Amino acid sequence: MQINAMDDINGCIFNVGGGNEVSLSLLEATQLCRQITGTTIPLESDPQARPADLKIYISDNRKINEALGWKPKRTAAEILEDIYCWIKENERHIQNLY
């Protein structure tokens, strides 16, 4: 899309992310990861927010959607499943990293 519209968007800056449709809270992401991996780890909650904590972040995709018609095609579950599969397929290469 970018290459085909280079004259129109050259020099433009876009936010590209899940937007409202593909946003997750940490709790929702944790639940999806549990479903995908079949693993449960104990979690604790800390009600005290740190000064740099973001309460919420959702990418505003309107500009790139208006310019190119781009919007996310994949769900959060599909993305997390792909990440999990990639990690499993490459575990021997990355095992010393964690």
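Tutor: Let's take it piece by piece, starting with the pocket. Keep in mind that this is a predicted model.

Student: Fine. What volume does the largest pocket have?
Tutor: About 290 Å³.

Student: Which residues line the largest pocket?
Tutor: The lining is made up of Val22, Ser23, Leu24, Ser25, Leu26, Leu27, Leu54, Lys55, Ile56, Tyr57 and Ile58.

Student: How many of the lining residues are nonpolar, polar or charged?
Tutor: Eight are nonpolar, two are polar and one is charged.

Student: Tyr57 is on that list. What does the side chain of Ser59 do with Tyr57?
Tutor: The two side chains make a polar contact, at 3.3 Å. Ser59 sits in the loop between H2 and H3.

Student: Is Ser59 buried or exposed, and why?
Tutor: Buried. Its relative accessibility is 14%, and buried means under 20%.

Student: Where is Asp46?
Tutor: Asp46 is in the loop between helix H2 (26-37) and helix H3 (62-68).

Student: And is Asp46 buried or exposed?
Tutor: Exposed, because its relative accessible area is 59% and the cut-off for exposed is over 50%.

Student: What does the side chain of Asp46 reach?
Tutor: The backbone nitrogen of Gln48, at 3.0 Å.

Student: How far is Asp46 from Asp7?
Tutor: They are 49 Å apart in space, C-alpha to C-alpha. Along the sequence, 39 residues separate Asp46 and Asp7.

Student: Now the helices. Where is Thr30?
Tutor: In helix H2. Thr30 is partly exposed, with a relative accessible area of 23%.

Student: How far apart are Thr30 and Ile64?
Tutor: Their C-alpha atoms are separated by 29 Å. Along the chain, Thr30 and Ile64 are 34 residues apart.

Student: New topic: Asn90. Where is that?
Tutor: Asn90 is in the loop between helix H4 (76-89) and helix H5 (91-94).

Student: Buried or exposed, and why?
Tutor: Asn90 counts as buried because its relative accessibility is 19%, and the limit is under 20%.

Student: Which backbone oxygen lies 2.8 Å from a polar atom of the Asn90 side chain?
Tutor: The one of Trp86.

Student: What lies over the face of Phe14?
Tutor: Lys63 does, at 5.5 Å from the ring centre.

Conventions
Residues numbered from 1 in each chain as written. Predicted model: local features only at pLDDT ≥ 70, side-chain atom pairs only at ≥ 80, totals over all residues. Heavy atoms only, no water. Helix = DSSP H or I, 4+ residues; strand = E, 2+ residues; numbered from the N terminus. Buried < 20%, exposed > 50% of the residue type's maximum accessible area, 1.4 Å probe, protein only. Polar contact = N/O pair within 3.5 Å; in protein donor to acceptor, adjacent residues only side chain to side chain. Lys NZ or Arg CZ within 6 Å of the ring centre and 35° of its normal. 1 Å grid on protein atoms, 1.4 Å probe; cavity = no way out; pocket = protein on both sides within 12 Å on 5 of 7 lines; lining within 4 Å. Points joined across faces, edges and corners; volume = space filled by probe spheres on them. Nonpolar A, V, L, I, M, F, W, Y, C, P; charged D, E, K, R; others polar.
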